Amino acid sequence: MSVVPLDAERVEQDDPPARDDEAIAARSLGQAVWRRLRRDRTALVSGIVSALLIAVALAAPLIELGYGVDPQDSFKGDLDRYGMPYGVAGGISGAHWFGIEPGLGRDLFIQMVYGMRTSLGIAFAAAIVTTTLGVLTGIVSGYLGGWVDGIINWITDVALALPFLIFTLALIRPLELAFYGPREAVPGWFRVIVLISLFAAFGWTATARLVRGQVLSLREREFIEAARATGARTSRILFKELLPNLWAPIIVVFSLSIPAYITSEAALSFLGIGMLEPTPDFGRTIFRSLNYLQTDPAYVFFPGITIFMLVLAFNLFGDAVRDALDPKSMTR
């Protein structure tokens, strides 16, 4: 009986295909995360919406130029003797896409565009500052341990125990009086710095605790022991060895802190301790609109739906990033 050799092509066809987890393992972390985000419809939609909202905020001066209306332009001629806009739904028309503000006569659409710029600007700046402070304190506390860890933990506990809203109410006015007289106008940029500073003073603690916990588990790993054995300086171990292994939780915390600061800034403005006139702001606009809930519901609808879209889009995208960076989900 003769033996017929197997055909080479048939052998190749009978070979089992490469497993999905092997293919995923061959990719870098960034490639695996990007692959998971692309396959997640929620991540795609929320990411696109978030990017569009950021683009609108950044392009606010160009939108103003094309729209032909300044945020402080007043159209008192479009208001009746009671200060209410003529027409339906708050005066919505081709000239005023979202209508105009009762009493003040300002265009609501351009107010929302610049209000988005205010909220996102403060939220991103606060998120960057708080994340940086939290990472630095957490990585130092977790690696050095001992009395350094004890002091930082004590400061963290005190900061967590302080009520943010009460201290903000108590501190904003004295901080302004320290630089400006009681009758001087406080510039908008100063209030922005004060708000970011207050967010930073109270917001770094969660990031610090998270990073400290991660560092406690990493500092006993073999690569850290090897770095110590070669005589590497502490700064190199912290920022060259530990920090690259912490990017996943840092990115998650940063992405989820942005919507939190958007709502916090709006809440402070709603209470009258946030951004001041004439800077456009969602919280202050929503506060003023409460007097017109029955007579002009469009006045509260547009700022409300805008801030809702902002917070929802960034929250969903932050959740998607967290799931994509989850090591347990990388092989799924």
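**Where H5 meets H6**

Guide: Helix H5 (residues 60-67) and helix H6 (residues 108-144) have axes that come within 10 Å and cross at roughly 170 degrees. H5 is therefore roughly antiparallel to H6. Axes here are lines fitted to C-alpha atoms, for helices over the stretch in contact, and angles run from 0 to 180 degrees between N-to-C directions. Angles under 35 degrees count as roughly parallel, over 145 as roughly antiparallel, 65 to 115 as roughly perpendicular, and the rest as oblique.

This is a predicted model: local features need pLDDT of at least 70, side-chain atom pairs count only at pLDDT 80 or more, and totals for chains, interfaces and linings use all residues. Residues are numbered from 1 along each chain as its sequence is written, and side-chain values use heavy atoms, with hydrogens and water left out.

Now the residues. From H5 come Ala 60, Pro 61, Ile 63, Glu 64 and Tyr 67. They meet Phe 109, Ile 110, Val 113, Tyr 114 and Arg 117 in H6. Contact means heavy atoms within 4.5 Å. By class, this contact has 8 nonpolar, no polar and 2 charged residues. Ala, Val, Leu, Ile, Met, Phe, Trp, Tyr, Cys and Pro count as nonpolar; Asp, Glu, Lys and Arg as charged; the others, Gly among them, as polar.

Step back to the whole protein. It has 14 helices and 0 strands. Both are DSSP runs, numbered from the N terminus: helices are H or I with at least four residues, strands E with at least two. Buried residues make up 40% of the 332 residues. Buried means under 20% relative accessible area, exposed over 50%, and partly exposed in between (1.4 Å probe, protein chains only).

Val 33 sits in helix H3 (residues 29-39). Its relative accessible area is 11%, so Val 33 is buried. Val 33 and Ala 320 are 287 residues apart in sequence, yet 10.0 Å apart in space, C-alpha to C-alpha.

Arg 191 belongs to helix H9 (residues 188-218). Arg 191 counts as buried because its relative accessibility is 4%. Leave aside its neighbours within four places in sequence. Arg 191 is then in contact with Ile 172, Glu 176, Ile 273, Gly 274, Met 275 and Leu 276.

Last, a span from a record. The unreviewed UniProt entry places a "transmembrane region" at several stretches, including residues 151-172. Such annotations may be inferred rather than shown by experiment. Residues 151-172 are 91% helix and 0% strand, with end C-alpha atoms 27 Å apart.
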